[in-house]
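Please keep the structure open beside the text while reading.

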Amino acid sequence: MKNRKRALILAGTAAALAATLIAAAPAPAAPAAPKLASVHGGGAIFFLYSAKDDIRFTVDAESTPWTRPFPAPGGDKGLPTDARGRVTISHRYTETGFTATAEAEVDCLVTGGKTATLTAVVKTSNVAGWDGKRIGISVQEGRRGEPDRVGFSWGVANVDVRPDGTVAEGTVGSCMAPAPFTEVTKGGFRVAPAPLSPQPKP
């Protein structure tokens with residue numbers, strides 16, 4: 001009888017201890033929000049073919065994956081590179097004093113390390129033919145003392161040569177931009193990289 005009573009006491013003590021440990025255990029952590037890519041900053045660049053001109057870019061872009069559906073097979077959810085934000089461009093021509101400007105709405109952003117490519121659709125510009133045009137821009141954040149860099153689709157790339165030999169400016173697809181081929185001489189950019197977002201569940 002004494003042994004039985006001792007076993008009951010031990011069992012009760014173990015149950016109470018287990019209940020205490022369970023109550024004291026921290027609640028399961030909520031899943032972390034997925035990291036999103038972004039590019040922020042602005043600066044003047046040196047462009048070899050307009051070396052005397054003042055050319056400046058500002059970029060404020062953030063990923064918004066799967067938020068821009070489009071009417072095509074598989075496009076109902078959008079793309080993992082969907083983004084939002086604004087790009088502004090200013091190019092002052094020293095010889096004439098004219099300053100070309102444009103403001104564009106970001107629609108795509110993708111990163112790899114400290115390099116990002118993004119595209120934006122021009123909403124306002126004082127340059128003929130630029131309204132509604134999609135432009136491609138690349139940004140590289142310099143490391144270990146290296147300068148930041150910028151590339152842009154209308155600078156030295158994106159030319160279509162037709163079969164008859166005539167040349168036309170090619171269209172820019174989403175997130176398409178050349179390598180960052182110019183150096184930032186004043187100002188700078190911050191690139192926050194992130195992996196592509198998983199496809200949303202049905």
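## A buried aspartate

Asp107 counts as buried because its relative accessibility is 11%, which falls under the 20% cut-off for that class. The model is a predicted one, and in it Asp107 has its place in strand 4, the element that spans residues 99-112.

What does the side chain of Asp107 make a polar contact with? The partner is the side chain of Arg134, at 2.9 Å. Arg134 is also among the residues that Asp107 touches once those up to four places away in sequence are set aside, and the others are Arg68, Thr81, Asp82, Ala83, Thr119, Ala120 and Val121.

## The loop between strands 2 and 3

Trp66 belongs to the loop that links strand 2 (54-63) with strand 3 (83-92), and Pro69 is found in the loop between strand 2 and strand 3 as well. Is Pro69 buried or exposed? Pro69 counts as exposed, because its relative accessibility is 54% and the class begins over 50%.

With neighbours within four places in sequence left aside, Pro69 is in contact with Gly75, Asp76, Lys77 and Gly78. Pro69 and Asp82 are 13 residues apart in sequence, and their C-alpha atoms are 9.2 Å apart in space; Asp82, in turn, is one of the residues touched by Asp107.

Most residues other than glycine have a negative phi. Trp66, although it is not a glycine, has a positive phi of about 60°, and Cys175, also a residue other than glycine, has a positive phi near 65°.

Cys175 is placed in the loop between strand 9 (167-169) and strand 10 (182-192). Cys175 counts as buried because its relative accessible area is 7%, and the class covers values under 20%.

## The largest pocket

The largest pocket holds about 230 Å³ of space. It is lined by 16 residues, and those closest to its centre are Ile89, His91, Tyr93, Trp130 and Trp154. Strand 2, strand 3 and strand 4 are the elements that each give two or more residues to this lining.

How many residues of each class make up the lining of the largest pocket? There are 11 nonpolar and five polar residues, with no charged residues.

## The second largest pocket

The second largest pocket has a volume of about 160 Å³. Its lining consists of 16 residues, and Lys35, Ala194, Pro195, Leu196 and Ser197 lie nearest the centre.

Strand 4, the element that holds Asp107, provides the largest share of the lining of the second largest pocket, with three residues. By class, this lining has 11 nonpolar residues, four polar residues and one charged residue.

## The protein as a whole

The secondary structure comes to one helix and 10 strands, and reading from the N terminus the order is α-β-β-β-β-β-β-β-β-β-β. The protein has 202 residues, of which 32% count as buried, Asp107 and Cys175 being examples discussed above.

Among contacts between residues at least 6 apart in sequence, 56% join residues at least 24 apart. The accessible surface of the protein comes to about 12,700 Å², and 59% of that area belongs to carbon and sulfur atoms.

Methods
Residues numbered from 1 in each chain as written. Predicted model: local features only at pLDDT ≥ 70, side-chain atom pairs only at ≥ 80, totals over all residues. Heavy atoms only, no water. Helix = DSSP H or I, 4+ residues; strand = E, 2+ residues; numbered from the N terminus. Buried < 20%, exposed > 50% of the residue type's maximum accessible area, 1.4 Å probe, protein only. Polar contact = N/O pair within 3.5 Å; in protein donor to acceptor, adjacent residues only side chain to side chain. Contact = heavy atoms within 4.5 Å. 1 Å grid on protein atoms, 1.4 Å probe; cavity = no way out; pocket = protein on both sides within 12 Å on 5 of 7 lines; lining within 4 Å. Points joined across faces, edges and corners; volume = space filled by probe spheres on them. Nonpolar A, V, L, I, M, F, W, Y, C, P; charged D, E, K, R; others polar. Areas by Shrake-Rupley, 256 points an atom, 1.4 Å probe, with all protein chains shown as cover.
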